[in-house]
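Subject: Structure handover

Hello,

Here is the structure I promised to pass on. Please open it first, then read my notes below.

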Amino acid sequence: MKKITTFADLKDIKGRNFNRMIYNQLTHLNKKVFVSLGLVLVFFATCLPSTSAQTIVNSPLSYIGMGELYTPETPSNSMMGGIGVSNSNGIYSNQINPALLVRNQYTMFEVGINAELKNMQDYRQRQQALGGNYQSVNLTVPVLPNRWTMSFGVRPYSTVNYETRSYRRLNVLGVDSLLYSYKGEGGVSKLSIANGVRIGKELYVGLEMGFLFGAVNRNVGTQNLSDGQFYKIQLENQSRYSDFTFKAGAAWRKVLKGDVVLNAGATLDLSPRLNSTLVKRFVTYDLGGLNIINSDTLAKSQSITQQLPVSTRLGVSVERLAHWMVGVDYVRTDWSKVDNNLGRSAVLPVSQQVSIGAEYTPDFESISNFFKRVTYRVGVSQTTTPYDFAGNGKYAKDQSLSLGVALPLRNFLNYINVSYQIGKRGSLTDNRLEEQYHRVVVGLTLGDIWFRKVKID
């Protein structure tokens, strides 16, 4: 029997009738599903221009650079601790390593949304926040099956959302005081076009071109509460981003004994900076903070360069196609040139992340038992972040556990993905700020044979 090295080789598992079975299932797909797909695309095309602020949940740690960065993972990757540098099963598309897009030989559409419950605390107070956002929208199309595949997508890239306040007494005996406020909000989205190409038999290369766009507002205000003079003076900074970024990827696969395959992959960010414009002004507000009493523009559409963190990713995995996979990813991100926005002279560090994940499908071809066709995934991750909230040189660690299932629909190309993640970032002892979060991701994967005819043996 022919060795199974790609998803297309599954047609030989039970002889040539397998290909006919796939065709019969695909031709009976419910048309309502694709009508829903069109409505989803129209929704995002309509709403995307107004979604410049990609906020999930309030985070005091989003002050750095362009804010907290989203990982480029699909709902399937999020179940396995975010791994994806070397692994891809050919059903869900890989947005982490563009080289692995070649493994997708069917047209795939994926959409994901997430919700997060976060508990934050320091030594004085505790806060709970709940929010959500879309995670990604991707369309993957094979141009030359098993040789060249393209992917088009949109997803959040970063978010800024924080607000802190402090009081200062002007004298010991009186009640006069000042209220200081620090607030940031906004975010950046990413449109991407990626290509994956197979060179020879076991080597894959890929390139992703992204376009970042969005705006971030950072405000510092002082409110005078003295002698009934309630007014607020605020320094407002608005940064607008619009520029291209690039990411390169490579992967290598080697068939071991039987149908077991060894995978290795790597990616590198090629864009260390981003062009943007900055607008600064001083504004005096009334008591309600809505009406402007006076404003003075300090800088109008000033061109600036925003430094970006540069990530290098490495991954290794072992799999038996359509049955199981175990993998590990390592990510190194250089933050040394990114502005910490706190006026500190210390250079931001290099952050590191290690993730381990696995997936298991009991019986991909089972007809009588639904749960044997379900794919079960689990993963763990630990990250040393660049966040030093206390300013003591102790950077917060992010540790998480994730698990989830891919529930098949009418055929083997359509799935509902459900992922749950629990994690903790920082500690009161080291960082004076601790975050505990619960995150749920729900995604839909739809596949079909588009733009080419199916040959029946």
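Two strands pair if DSSP finds at least two bridges between them. Strands here are DSSP runs of E with at least two residues, helices are runs of H or I with at least four, and both are numbered from the N terminus. Keep those rules in mind for what follows.

First, where the values come from. This is a predicted model, in which local features need pLDDT of at least 70, side-chain atom pairs count only at pLDDT 80 or more, and totals for chains, interfaces and linings use all residues. Residues are numbered from 1 along each chain as its sequence is written, and side-chain values use heavy atoms, with hydrogens and water left out.

**Confidence**

The pLDDT is the predictor's confidence in each residue, from 0 to 100. The protein chain averages 82. A score of at least 70 is reached by 81% of the residues. Take care with residues 1-56, where the pLDDT is below 50. Beyond near neighbours in sequence, that stretch has 108 contacts in the model. A contact means heavy atoms within 4.5 Å.

**The whole chain**

The protein chain has five helices and 17 strands. It contains 457 residues, and 49% of them are buried. Buried means under 20% relative accessible area, exposed means over 50%, and partly exposed is in between (1.4 Å probe, protein chains only). The accessible surface of the chain is about 22,100 Å². Carbon and sulfur atoms account for 58% of that surface. These areas come from the Shrake-Rupley method with a 1.4 Å probe; for residues, only the protein chains shown count as cover. Now take the contacts between residues at least 6 apart in sequence: 65% of them join residues at least 24 apart.

**Strand 4 and its partners**

Which strand holds the bridge partner of W148? It is strand 5, and the partner is V197. Strand 4 and strand 5 run antiparallel and are joined by 21 bridges. Strand 3 (residues 126-144) also pairs with strand 4 in the antiparallel sense, over seven bridges. There, N138 stands opposite G153. Strand 3 and strand 4 form a hairpin with three residues between them. In that turn, N146 has a positive phi of about 70°. Strand 1 (residues 68-69) is joined to strand 4 by two bridges, again antiparallel. E68 stands opposite T159 in strand 4.

**The cores**

A nonpolar core is a set of buried Ala, Val, Leu, Ile, Met, Phe, Trp, Tyr and Cys residues joined through side-chain atoms within 4.5 Å. The largest one has 18 residues. Those with the most contacts inside it are I64, M66, Y157, V188, Y241 and L274. Strand 4 (148-169) and strand 6 (203-224) each supply at least two residues of this core. The largest share, three residues, comes from strand 4. A second, separate core has nine residues, including M108, A406, F412 and Y415.

**A look at S181**

S181 sits in strand 5 (residues 177-199). Is S181 buried or exposed? S181 is buried, because its relative accessible area is 10%. Leaving aside neighbours within four places in sequence, S181 is in contact with T164, R165, N219, V220, G221 and K232.

**Salt bridges**

Side chains of opposite charge can pair when their charged atoms come close. A salt bridge here is a side-chain nitrogen of Lys or Arg within 4 Å of a carboxyl oxygen of Asp or Glu. The structure holds 14 of them.

One of them joins R103 and E319, with the closest N and O atoms 2.8 Å apart. This pair links distant parts of the chain, 216 residues apart. R103 is in the loop between helix 3 (75-78) and strand 2 (107-121), and E319 is in strand 11 (residues 310-320). Both R103 and E319 are buried.

K190 and E208 meet in another salt bridge (2.8 Å, N to O). K190 lies in strand 5 and E208 in strand 6, so the pair ties together parts 18 residues apart in sequence. K190 is buried, with a relative accessible area of 9%. E208 is buried too, at 2%.

D259 forms a salt bridge with R320, and the closest N and O atoms are 3.3 Å apart. D259 lies in the loop between strand 7 (231-255) and strand 8 (260-269), and R320 in strand 11, so this pair ties together parts 61 residues apart in sequence. D259 is partly exposed, at 21% relative accessible area. R320 counts as partly exposed at 36%.

Finally, salt bridges that share partners join E68, K118, R425 and E435 into one network.

Best wishes
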